[in-house]
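Student: Hello! I have a new structure to look at, and I would like to learn how to read its features. Could you guide me?

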Amino acid sequence: MFIHRRKGWEIAGSRVTPEAAMLRRRAVLGGAAGALAAAGMGRKARAWSLFDSTPAAPPAVLAPLAAQRDPRYLAGRPLTPAAAVESYNNFYEFGDGKDIAGAAQALKTAPWTVTIAGMVKTPRTLGLDDLLRQVKLEERVYRHRCVEAWAMTVPWIGFPLADLVKLAEPLGSATFVKFTTLADPRQMPGLHKPWYPWPYTEGLTMQEAMNDLAFLSVGMYGKTLPPQDGAPLRLTVPWKYGFKSAKSIVRVEFTNMQPQTFWEQLQDSEYGFWANVNPAVPHPRWSQAQERLIGTDEMVPTQIWNGYGEFVAAMYADKTKERLFA
Ligand code: MTE
């Protein structure tokens, strides 16, 4: 899902998509490295290509995590095997491909803090352990739909985002929540790619954040989250395309301005703020009518709001002028 704004040194036509265009992408990046070298930036180009092939750190140790399944949300299809979910990822801080799990093992997930900032009663920084002592974990089996037209079914463990919002005590004037994720170039090789607008940021309206479906995940498949899936704390908003579900969150800010997101900054026309799933609204470069289930490669019809309309559609009834689906 990558499109980047052209800088002076970039080769023409370096428009890149994931998946179908991955091979083309590799060729483009090769070309970009050449362009960098030609522009006297060869050392930098070599640095990030080396980082991309850094051997994996030892696998992260995942602690068992037990939580009761919330019976209200039914996925209506089998769970995706954990091994598939853990080996087919988007996490650009660790690389542009789907095979970033090895590189992500280097992510240090403890100690971890989350800063609550902006329009709140008391801005503060909380240790993740402290935060988790104040919430009740549950398991939610959600459909997970990427804008690239692949999908999974995942048993997330976490707590409603609304619980964090309540703990944060936002001022009545706050209308949006902005999420900022870790950006540490010592741990994350992707940070050396300067054309991305790091750090990865995402945002929701306050109303969306308070919707019961909006979830903060700390685990999946009965264990703490693997680094490649956004450990130790990630957003999970199943009625929206997967890029809204920011991984490895370090800051939650309450604001009265619509946050600028990572993907909007890269290519607003393709990855807008709302990004609700809709089979009838194609991505500018591919159809969204169907999705490929990771694990089996079965093609199934995409559902509007990813099948969660009864829980979320009413939030958008008055937003007729917004570009809600792309
Ligand atoms: N969060 C961060 N910090 N960095 C990312 O690159 N990718 C997003 C989202 N969250 C991303 C991120 C995209 S494009 C998708 S589809 C999902 O994470 C993928 O989640 P998964 O790898 O757990 O399936």
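Student: Which residue forms a salt bridge with Asp70?

Tutor: Welcome! Keep in mind that this is a predicted model. To read a salt bridge, look for a side-chain nitrogen of Lys or Arg within 4 Å of a carboxyl oxygen of Asp or Glu. Here the partner of Asp70 is Arg140, and their closest N and O atoms are 3.3 Å apart. The two residues come from distant parts of the chain, 70 residues apart. Arg140 belongs to strand E3 (residues 138–145), while Asp70 is in the loop between helix H2 (42–52) and helix H3 (82–85).

Student: How many salt bridges does the structure hold?

Tutor: There are 20 salt bridges in the structure.

Student: Now the ligand. How many residues surround the ligand, and which are the closest?

Tutor: Start with the neighbours, then turn to single contacts. The ligand is surrounded by 18 residues, with Tyr92, Glu93, His144, Arg234 and Lys247 the closest. Sorted by class, this shell has eight nonpolar, six polar and four charged residues.

Student: How much of the ligand does the protein bury?

Tutor: Taken alone, the ligand exposes 530 Å², and the protein buries 100% of that. The space that the ligand takes is the largest cavity.

Student: What should I look for in the backbone?

Tutor: Then look for exceptions. The bond from Ala110 to Pro111 is cis, with omega near -5°, and Pro111 is in the loop between helix H4 (101–104) and strand E1 (113–118). Trp198 and Pro199 are also joined by a cis peptide bond, with omega about -5°. Pro199 is in the loop between strand E5 (176–181) and strand E6 (201–205).

Student: Is the phi of Ala149 positive or negative?

Tutor: Ala149 has a positive phi of about 75°, although it is not a glycine. You can find Ala149 in the loop between E3 and strand E4 (150–160).

How values were computed:
Residues are numbered from 1 along each chain as its sequence is written. This is a predicted model: local features need pLDDT of at least 70, side-chain atom pairs count only at pLDDT 80 or more; totals for chains, interfaces and linings use all residues. Side-chain values use heavy atoms; hydrogens and water are left out. A residue is near a molecule or strand if one of its heavy atoms lies within 4 Å of it. Accessible areas come from the Shrake-Rupley method with a 1.4 Å probe; for residues, only the protein chains shown count as cover. On a 1 Å grid over the protein atoms alone, a cavity is a set of points where a 1.4 Å probe fits but cannot get out, and a pocket is an open set with protein on both sides within 12 Å along at least five of seven lines; lining residues have an atom within 4 Å of a point. A molecule sits in a cavity or pocket if more than half of its atoms lie within 2 Å of its grid points. Ala, Val, Leu, Ile, Met, Phe, Trp, Tyr, Cys and Pro count as nonpolar, Asp, Glu, Lys and Arg as charged, and the others, Gly among them, as polar. Helices (H or I, at least four residues) and strands (E, at least two) are DSSP runs, numbered from the N terminus.
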